[in-house]
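Colleague: Please pick one part of this model and take me through it closely. After that, carry on to the other parts in a connected way.

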Amino acid sequence: MTKIPVYLDINGHHHELQLEPRVTLLDALRDRLGLTGTKKGCDHGQCGACTVHVDGERVLACLTLAAQAQGRTVTTIEGLAREGEMHPVQAAFLEQDAFQCGYCTPGQIMSAVACIREGHAGSDEEIREYMAGNLCRCGAYPHIVAAVRQAAQEVAS
Amino acid sequence: MTVHNIRHGDASDGAEAVGGRLSRVDGPAKITGAAKYAVEQQLEGLAYAVLVESTIASGKVRAIDTNAAEAAPGVLQVLTPDTIISLRTAADWFGTPPPDKPYCPLARDISFSGQHVAAVVAETFEQAVAAAALVKVSYDETPSIVDLSDAKAGDGIPIDAMTKEWGDAQGAFASAPVRICAAYNTPREYQAPMEPHGLIARWEGDQLTVWEPSQWLDGMARTYAEWFGVPFENVRLVSPYIGGGFGSKALALSHGAVAACAAKMLGRPVRLVMTRPQTFTGYGGRAATRQTVTIGADRQGKIQSIVHRGVNETSMDGMWVEPLGSVTSIMYATPNFSSRQNVVRVNSVMPGAMRAPGENPSAFGIESAIDELAYEVGIDPLEIRLRNYAEQDPHAKKAWSTRQLREAFATGAERFGWARRTSEPRSMRDGNQLIGWGVAAGTYPVRRAYGEAIVRILADGSVEVESSSIDMGQGTYTILAQTAAETVGVRADDVVVKLGDSRFPRAGVTGGSRLAGVMTGAVYKAATSALDQLVGLAISDPRSPFHALQANTLVVANGRIGSPRGDGPDVSIAELLKSVGRDHIEATGDTMPANSTPEDRYKNYTTIAMALPHTEGDYSRHSWCAHFIEVRVDEDFGTVRVSRVVSALDSGRLYNPKLAESQWKGGIIMGIGQALLEEGIVDRRHGRIVNNNLADYLVPTNADIPDIEVISVGIPDLHSSVLGGKGVGELAIVGVAPAIANAVFHATGKRVRDLPITLEKLI
């Protein structure tokens, strides 16, 4: 398959890649750019582990071709902290112990940041519903809810 | 002999000492994406392998046409049973000497659907995926036995080692005034860790490095070494973080052999990661089980006899025994008891360990049956458990090391508000929702083994811990940092724990909830020895500022050394090491018996043959728990929602309650999935798992889980471990499913004995 040039803007850095059109954003991030913070759990849009932001909205990187992200702004877990300062959601995840193995965690955090930004963190019920697309087999859900609640309050204040 | 006091680590809230609520020390790496999991290593020249699997459940591969795949762009190699290099058969996990015959990880003879038959290696992942679809396999198919309910399955093979009997169980049952008898079934369930199984294998000469998520580096390294006929020392397993295991990542499996063969044949590092569907057949989940539990009792609900029969499925060529009588035989006092078990061969991958193998389905049987007995005699389900409380291990006839189960019942009931429960089914409701309150107990044995660790005190005063044990989310990095910090007398921030490399001092399997107890003990011993050396130098070295003090003891705390009386110098560890001309102090600690031979040690770390029985000596050692669960059942639609959970648990002393609570809640949540959602569905024509993905094999989502309250009722149990802890990781799932089934009965009056409890069983 012929490779095509793909220009990606990831975490404020520009990358020029030569990729087959069938390469997903997830595999481009992990295998071509070494940005392995974004995880592959199912490769079928079922688990949420690969959640990243494209133009500020949460997107499943395994169901997005890399070429589709051209001309858009991509943010991954590696780009969330600013100048070494953890994002309030990251800090809340650590404080609330909202993860165990850590494999779903980058996707959970990217979803949580978007969930708060979307205005869907108004109650525990709402957080549970809008975080339900990110599976966690270790079962950190109650602590994820607590972390999102805490971060939402911090972001609001 | 140096005598010294150990002050506890510094932080004013006590978080850094053993037992403190220190946040995960590996947390920052995990929440920033910096934590590199095994297959995320970036290696030069990496090639990508993709598996091709059988589409029949039984028969032979007639031919594999690889022409199209070999001609596809980027393809480096197509491996088939005919082209892959031959391996030797490795010993099993007990270390049983293997048959002297070759081992081929790609199958000619097919005994289950999804068996690996070929693999394609290409320059890129995309090329390998595309080419794998071009491999054409033809078969000679033979009839298969798809599962336990298959008419051809038969009664199976009796497993005499599972038989537990005392008294005259059949006779006492026949003459009991109250008799209940029911059958309880659990389906195939899957560990489904979020990180799929996979590896990178790289050969350098006859040295093999494998980056692979692993619950047992030394056991897997031994298997690779035996397969390839190289010395154990030539194989290095690296597994710094593990994206969940739940029992599924303890053994080297055939996909690992395929990748290591490909790497050897190509002379390049090879990455092979299972697709999510492949994870349902590439290794075994929990075996489907069938149990019959009969209880004879008097009219006051006092048990006179329990007769238990169990069956689990296994594969055609492997023997998996899921010990179904494990909880049945110890939970309640009974003068007469009989438990026997068969296994039945079906065309499935060999089942494997999944969180509390044995105890989990066992508890579903006995903890449902005791609830049925409670209703039969009209006694509260909590009261009947207390009435039949086992004051000692009824099977081993030994005292419990500790059993805080009565306390768990009392504390859980109080917090849950059990006294407000009305006993009649369908007696509690909220609009169109029927409310049910259920209780069940759980238990898990304390599995023990030996471990080894190195503790180094470095020139800058920091402390380094090394062990080939692993952290898959249980908190090993954190509790070992706490143990070293407290023992040496430094802040936990100043401890670096290195795990997940088989070059480090050895550790046995991270399974059976044993790791924390084993490794805190080993690190405690190593750290104590390092501290002895440090204080010894400070007292005796002529260059030490303490030399003139003529002290026989010194105190190390917060990284500083001083006299216990506060007189004399007060220097940092770094300053002391500099003054005595040392760049580090190193101590190895292990918990092996003193007369252990090198062979004993190898056997301990690379097999499970040296694990200590939980009933060794005078005591029977177990963790215990009681779950109180509220469900809401929609009266019209039969949908079940868990709305409240209170669990009281006895895991002995907790090394870090913050992390233990997370693990307990995780076990409870997996138990909610088991009770209401999880079931491998078998296609009866082809023996395939139909729902082999995360959209169709339902695991709990955030929206399925209510607030969960967990309460520790444990006390230190020094018969169980050096520092007093008992198992944490597996305990909490045990008893959740029966507590939910019991709650559903209370809500609806319908007793569901087949998991999962789905709506069609209620309407």
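Modeller: Start with strand β21 of chain B, residues 429–430, which pairs with β22(B). The two strands run antiparallel, and two bridges join them. Keep in mind throughout that this is a predicted model. Together β21(B) and β22(B) form a hairpin, with two residues between the strands. Look at Gly431(B) in that hairpin: its phi is positive, near 65°.

Now stay with β22(B). Which strand do 13 bridges join to β22(B)? That partner is β31 of chain B, residues 622–634. This pair is antiparallel. To place yourself along it, find Trp437(B), which sits opposite Glu630(B) in β31(B). Next, ask how many of the 13 residues of β22(B) are buried. Twelve are, so the rest of the structure largely encloses this strand, which covers residues 433–445. Here a residue counts as buried if at least 20 other C-beta atoms lie within 10 Å of its own.

Step back to the domains of chain B. The assignment divides this chain into domain 1 (5–35 + 448–606), domain 2 (39–143 + 195–280) and domain 3 (358–446 + 615–761). Take domain 1 and domain 3 of chain B. Their C-alpha centres are 37 Å apart. Their contact uses 21 residues of domain 1 of chain B and 20 residues of domain 3 of chain B. On the domain 1 side, α10 (476–488) and α11 (515–540) of chain B each supply at least two residues. Of the elements on that side, α11(B) gives the most, with five residues. By class, the domain 1 side that touches domain 3 of chain B holds five nonpolar, twelve polar and four charged residues.

Chain B also has an open sheet of seven strands. Read across it, and the order is β4-β8-β2-β16-β13-β14-β15. The pairing is mixed. Which strands stand at the edges? They are β4 (75–79) and β15 (235–238) of chain B. Each has a single partner strand, so one side of each has no neighbour in the sheet. On average, neighbouring strands of this sheet are turned by 20° against each other, direction ignored.

Zoom in on one pair within it. Strands β13 (residues 198–204) and β14 (residues 207–211) of chain B run antiparallel, with five bridges between them. Glu204(B) faces Gln207(B) of β14(B) across the pair. A helix belongs in this picture too. Helix α6 of chain B, residues 254–266, lies across β2 (47–53), β4, β8 (116–122), β13, β14 and β16 (270–273) of chain B. The helix runs at about 35° to β13(B).

Now for the partner chain. What do the two chains share? 48 residues of chain A are in contact with 46 residues of chain B. On the chain A side, the elements that give two or more residues are α1 (25–32), α2 (88–96), α3 (105–117), α4 (124–130) and α5 (141–156). Here α5(A) gives the most, with five residues. The chain A side that touches chain B has 24 nonpolar, 13 polar and eleven charged residues.

Look at chain A by itself. It has five helices and five strands. From the N terminus on, they run β-β-α-β-β-β-α-α-α-α. The radius of gyration of chain A is 15 Å, close to the 15 Å of the globule rule for 157 residues, so chain A is as compact as a globular protein of that length. Its C-alpha trace spans about 50 × 30 × 25 Å along the principal axes. Of the 157 residues in chain A, 60% are buried. Take contacts in chain A between residues at least 6 apart in sequence: 58% of them join residues at least 24 apart.

Finish with the domains of chain A. The assignment gives domain 1 (4–79) and domain 2 (88–156). Their C-alpha centres lie 21 Å apart. The contact between them takes 14 residues from domain 1 of chain A and eleven from domain 2 of chain A. On the domain 1 side, β3 (51–54) and β4 (57–60) of chain A are the elements that give two or more residues. There β3(A) gives the most, with three residues. The residues on that domain 1 side of chain A divide into five nonpolar, six polar and three charged.

Key
Residues are numbered from 1 along each chain as its sequence is written. Chains are lettered from A and ligands numbered from 1 in the order in which they are written. This is a predicted model: local features need pLDDT of at least 70, side-chain atom pairs count only at pLDDT 80 or more; totals for chains, interfaces and linings use all residues. Domain bounds come from an automatic or database domain assignment. Two residues are in contact if their C-beta atoms, placed from the backbone, lie within 7 Å. Helices (H or I, at least four residues) and strands (E, at least two) are DSSP runs, numbered from the N terminus. Ala, Val, Leu, Ile, Met, Phe, Trp, Tyr, Cys and Pro count as nonpolar, Asp, Glu, Lys and Arg as charged, and the others, Gly among them, as polar. Two strands pair if DSSP finds at least two bridges between them. Axes are lines fitted to C-alpha atoms, for helices over the stretch in contact, and angles run from 0 to 180 degrees between N-to-C directions. The radius of gyration is taken over C-alpha atoms; the globule rule is 2.2 Å times the number of residues to the power 0.38.
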